[in-house]
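Hi,

Here is the structure I promised to pass on.

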Amino acid sequence: MFKLITEPNPILHTKTKPVDKIDQSIHEIVLGMRQIMKQANGIGLAAPQVGISQQIAIVEIPLDREDNKSKKNEKPLQLTLINPKITQSSREFKANLEGCLSIPGIEVNVTRPVSVTINYLDLDSMRQTLTASNLLARVIQHEIDHLNGILITDHGKAQPIKDESN
Ligand code: CO
């Protein structure tokens, strides 16, 4: 049903529209996105990457990844972010290599705030606030960039991925 959109494609560079009602169709989009992300072994995906220009993003950090190691609950961290907005960013920035499922084979050294606070709606239309740092904050900012039509290649120079296992 859904297909992963890769570069070059103008939808990846287009600012998305806010979701005005979280109905069945939004639930179906999120389910489709989860499937695509799982197949691609991703830790985040934004709706434009499946051809839908709406403010929907998902994040799933597996247990064995940094930031999710010491968590007491042994479940992978799974978030659905609808109409997310960054309300606060740390003054501390860090650079790290990022890849993107829509730009296979390359990575970019991207400098971002180490932690952010976001405001969003979940799938039950509840408004949520979340403060995240390190890897989670980076993935969230990467996905919110997608919703604004911004890719990692807008942040810096693309370089070939050296370690394919990462
Ligand atoms: Co991406």
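Let's start with a helix: H1 lies across S1, S2 and strand S3 (77–89), and makes an angle of about 40° with S2. Helices (H or I, at least four residues) and strands (E, at least two) are DSSP runs, numbered from the N terminus. Angles run from 0 to 180 degrees between N-to-C directions, and the axes are lines fitted to C-alpha atoms, for helices over the stretch in contact. Helix H2 (residues 134–147) packs on the sheet too, touching S1, S2, S3, S6 and S7 (contact means heavy atoms within 4.5 Å), and its direction is at about 155° to that of S2.

Before going further, keep in mind that this is a predicted model: local features need pLDDT of at least 70 and side-chain atom pairs count only at pLDDT 80 or more, while totals for chains, interfaces and linings use all residues. Residues are numbered from 1 along each chain as its sequence is written, and side-chain values use heavy atoms, with hydrogens and water left out.

Now the sheet. It is open, with five antiparallel strands in the order S1-S2-S3-S6-S7; two strands pair if DSSP finds at least two bridges between them. Strand S1 (44–46) and strand S7 (127–133) are at the edges with a single partner strand each, so one side of each has no neighbour in the sheet. On average, neighbouring strands are turned by 40° against each other, direction ignored.

Strand S6 (residues 115–121) is worth a look. Seven bridges link S6 and S7 in the antiparallel sense, with Ile118 opposite Leu130 and Thr117 opposite Thr131. On the S3 side there are five bridges, also antiparallel, and Ser89 has Val116 in S6 as its bridge partner. Five of the seven residues of S6 are buried (under 20% relative accessible area, with exposed over 50% and partly exposed in between; 1.4 Å probe, protein chains only), so S6 is largely enclosed by the rest of the structure.

Last, the inside. A nonpolar core is a set of buried Ala, Val, Leu, Ile, Met, Phe, Trp, Tyr and Cys residues joined through side-chain atoms within 4.5 Å. The largest one has 17 residues, and Ile22, Ile26, Met33, Leu45, Ile56 and Ile82 have the most contacts inside it. Helix H1 (24–39) and strand S2 (56–61) each supply at least two of its residues, and H1 gives the most, with six. Apart from that core lies another of 15 residues, including Ile61 and Ile118.

Cheers
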